[in-house]
Amino acid sequence: MREPAGGLTPFRRLLRRLRDIMAADLPAEQRLEQTVSLIAADMVAEVCSVYVMRAGEVLELFATRGLRHEAVHSTRLRVGEGLVGDIAAHARPLALADAQSHPNFAYRPETGEEIYHSLLGVPILRGGRVLGVLVVQNRTQRHYTEDDVEALQTIAMFLAELAASGELVSPEERRPSDGTGLMPIRLEGLALNPGIVIGVAVLHEPGVVLTRIVAEDPEAELDRLRQAVLGMQDAVDDLIAAADLAHGEERDILETYRMFAQDHGWITRIAEAIRSGLTAEAGVQKVKDDTRARLSQATDPYLRERLSDLDDLANRLIAHLTSSGERPRRERVPDLAILVARSLGPAELLDYGRRLHGLVLEEGSATSHVCIVARALGIPVLGRVANALVRVEAGETLILDADNEQMFLRPREDILAAYQEMLNNRDRRRRALALIRDLPPVTLDGVRLSLNINAGLLIDLRNLAESGADGVGLYRTEIPFMVRSSFPDVNNQAELYRRVLDQADGRPVTFRTLDIGGDKALPYWHEEGEENPAMGWRAIRIGLDRPALLRQQIRAMIRAAGGRPLSLMFPLIAQVSEFERACGILQLELERAAARGAPLPERVSTGVMLEVPSLLWQLPALLRKVDFVSVGTNDLQQFLFASDRGNPRLVHRYDILAPVMLKILANIAEAAEAAGVSATVCGEMAGEPLEAMALASVGFRSLSMAPPAIGPVRAMARSLDLGQARKFLSLLLDAPEPSLRARLQNYALDHGIVA
């Protein structure tokens with residue numbers, strides 16, 4: 001808004017008075033007391049209170065105008081407790097005309113607040129973290145407007161700087177009590193990109209301390225914003241151009257990021273905040289905090305993942321507003337750096353350059369943009385590490401063990417030495433495996449195994465030649481769908497599958513049709529949650545119920561093959577009739593392509609992902625119709641033992657090397673061989689040398705696994721006398737014991753098998 005002819009607007013006058021209070025040479029709590037009095041008077045409220053976050057996620061009343069003075073420093077609420085705790089827990093405003101009727105209302109008799117009916121509260125946010133809660137209350141049932149909410153949120157920005165300064169609560173108090181001093185700490189997380197590194201902690205601190213919040217000249221601030229936006233957009237273009245990621249999904253991600261940087265709605269909201277009386281950088285910070293508070297409550301995984309892009313762009317824009325716009329991070333990064341961040345955008349990762357060896361995130365998922373770019377750069381990533389930023393000190397030694405979903409802060413000498421020896425052994429083993437990379441995986445008695453990789457992104461295809469694999473035994477087509485913001489059309493899909501086949505360079509590729517649903521949610525596919533999603537409406541069930549979706553995907557695959565062989569399989573088949581219906585859709589698309597004169601695949605091979613136990617009793621009928629079967633041991637084991645593999649109480653209860661599991665696999669291999677049908681195992685089991693030895697011993701000659709497993713399984717195969725191992729294992733399949741692991745380990749040790 002433009003300034004009225006008579007001078008400042010009342011709200012801008014309030015902001016200036018708040019600025020003067022914060023700048024005064026007074027104790028912090030005295031400034032806080034003056035602030036609540038000023039806010040209460042300006043907002044015509046009988047009460048204004050500030051609650052500050054203390055250790056243990058406790059909100060303590062630090063200052064009030066209207067409540068009883070003796071309640072200050074006595075009234076405390078845990079995060080989630082009462083209305084104040086609810087505001088802090090969800091990091092969002094709450095405006096209630098009748099607060100006492102709200103189910104979360106928690107009465108504190110020492111405050112004397114029973115006479116106040118309405119309440120408006122907003123979180124005090126800084127860098128996305130809740131540092132406290134600002135509340136106003138009225139005796140009457142007042143209906144607070146959106147303008148009231150906006151005003152209180154803006155005021156809370158002043159309090160955020162005070163709360164973050166350490167003048168009210170010492171930063172040391174908020175540091176977790178475990179691991180104080182030099183004690184080592186072990187933290188758990190979620191492996192988002194595998195690998196183990198030892199390095200030095202670098203804290204990602206994108207935020208800039210705002211020294212100016214109130215604008216003297218809104219029009220001048222808007223001009224600063226326009227110039228900074230142009231500078232930021234140019235810098236993003238330069239960063240993407242220099243990233244050397246000119247292909248694959250990571251390139252698509254950076255292009256999406258570029259589009260976000262040019263989003264008109266985002267920039268317009270910042271301009272509105274500036275017109276209310278904020279400086280350009282304060283306007284960016286306010287819109288960032290507001291959007292994060294809103295999106296962090298979203299259940300849509302795509303929206304939640306975009307928070308990282310939002311934070312990155314907002315911080316980048318603030319940097320352009322408060323300095324020359326340069327972000328010289330890579331010059332400050334030590335060798336063997338492990339970056340610790342709450343969240344990270346893909347461009348921010350590129351800012352740190354190639355000296356970055358590991359990444360620790362408090363948030364994140366395997367399909368987040370930063371993880372896909374990190375995978376392209378070969379950087380191990382551990383996500384979902386609670387409070388990592390407040391536990392880790394810059395410059396500390398860290399062990400990042402994403403393979404085992406853990407990290408060590410300030411590790412003891414014995415732990416450090418053990419990991420260093422492990423890395424040395426891995427390096428020696430890697431060099432030894434490199435020597436046999438081009439040698440065929442043939443057993444000592446002359447049996448050739450086919451070793452293939454599992455893939456889900458174009459970047460995974462680089463591992464095909466590097467590992468010496470025979471082909472792609474499983475291409476998970478749903479993963480590219482999960483990192484996009486909208487459903488790709490036939491042309492986009494065809495281009496993706498064509499690039500997969502091109503990069504395979506003549507090696508066979510087996511495409512699995514979409515396995516979405518369950519825990520694989522698409523950001524643009526909105527379906528109601530299910531009580532048991534693993535056994536719910538997913539995979540081929542969606543494809544058959546939404547045949548247009550399956551037809552488009554198959555049409556794209558046919559187009560991409562263009563005279564080359566096409567191999568595709570259908571996931572979660574539970575009945576032979578489902579496979580027949582899926583093949584009927586395939587036939588329709590082949591006929592459609594032929595009628596249009598389009599080049600057809602050289603040949604088409606069809607198969608099923610055998611992961612539902614009901615198919616075990618339909619094998620004869622199934623094997624008469626398929627060209628191949630691929631056993632998904634992950635789901636097969638889960639369904640066989642009725643054991644949720646995501647439940648930590650059950651994850652180690654049933655062993656994949658149980659006699660019953662191996663006997664079922666032996667029956668599948670035997671039936672497939674008798675029918676002349678190729679049988680592959682593509683579950684995680686195939687990538688472990690000991691388990692791969694068992695699979696080969698029960699009759700499987702084709703295995704598909706994560707690319708790093710190719711070398712170890714190749715070494716196992718070349719040290720194995722398969723005939724002897726098969727005789728040994730056949731005698732154990734009826735053994736009355738829960739697992740054959742120990743017996744197989746001893747057998748491998750006794751016979752010099754590298755397992």
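Residues are numbered from 1 along each chain as its sequence is written, and side-chain values use heavy atoms, with hydrogens and water left out. Since the model is predicted, local features need pLDDT of at least 70 and side-chain atom pairs count only at pLDDT 80 or more, while totals for chains, interfaces and linings use all residues.

Helices (H or I, at least four residues) and strands (E, at least two) are DSSP runs, numbered from the N terminus, and two strands are taken to pair if DSSP finds at least two bridges between them. Under these terms, an open sheet of eight strands is found in the order β7-β14-β13-β9-β10-β11-β12-β8, with mixed pairing. Its edge strands are β7 and β8 (190–193), each of which pairs on one side only, and the twist averages 30° from one strand to the next; axes here are lines fitted to C-alpha atoms, for helices over the stretch in contact, and angles run from 0 to 180 degrees between N-to-C directions.

Strand β7 (residues 185–188) has a covered face, formed by Ile185 and Leu187, and an uncovered face, formed by Arg186 and Glu188.

Helix α13 (residues 369–377) lies across β8, β11 (356–361) and β12 (381–383), and runs at about 55° to β8. Helix α15 (residues 413–435) lies across β9 (196–203), β13 and β14, and runs at about 125° to β9.

Helix α3 is mostly covered, as seven of its nine residues are buried, where buried means under 20% relative accessible area, exposed over 50%, and partly exposed in between (1.4 Å probe, protein chains only). The buried residues are Gly82, Leu83, Val84, Gly85, Asp86, Ile87 and Ala88, and they pack against β1 (47–54), β2 (58–65), β3 (76–78), β4, β5 (118–126) and β6 (129–138), contact being defined as heavy atoms within 4.5 Å. Just after α3, alanine 91 takes a positive phi of about 50°; this residue is placed in the loop between α3 (82–90) and β4 (94–96) and, at 12% relative accessibility, counts as buried. Leucine 336, which is likewise not a glycine, has a positive phi of about 55°. Leucine 336 lies in the loop between α11 (329–332) and β10 (337–341) and is partly exposed, with a relative accessible area of 43%.

A nonpolar core is a set of buried Ala, Val, Leu, Ile, Met, Phe, Trp, Tyr and Cys residues joined through side-chain atoms within 4.5 Å. The largest such core has 97 residues, and those with the most contacts inside it are Tyr475, Phe511, Leu662, Leu665, Met693, Phe700 and Leu703. Apart from this core lies another, of 63 residues, among them Met22, Leu168, Ile267 and Leu317. Leaving aside neighbours within four places in sequence, leucine 703 is in contact with residues including Leu451, Val681, Leu695 and Val713.

The structure holds 38 salt bridges, each being a side-chain nitrogen of Lys or Arg within 4 Å of a carboxyl oxygen of Asp or Glu. In one of them, the side chains of glutamate 589 and arginine 551 meet at 2.6 Å, N to O. This pair links distant parts of the chain, with glutamate 589 in helix α21 (residues 576–595) and arginine 551 in helix α20 (residues 547–561), 38 residues apart. Glutamate 589 counts as buried at 1% relative accessibility, whereas arginine 551 is partly exposed at 27%.

Lysine 663 forms a salt bridge with aspartate 734, the closest N and O atoms being 2.5 Å apart. Because lysine 663 lies in helix α24 (residues 659–675) and aspartate 734 in the loop between α27 (722–730) and α28 (741–750), the pair ties together parts that are 71 residues apart in sequence. Lysine 663 is partly exposed at 34% relative accessibility, while aspartate 734 is exposed, with a relative accessible area of 59%.
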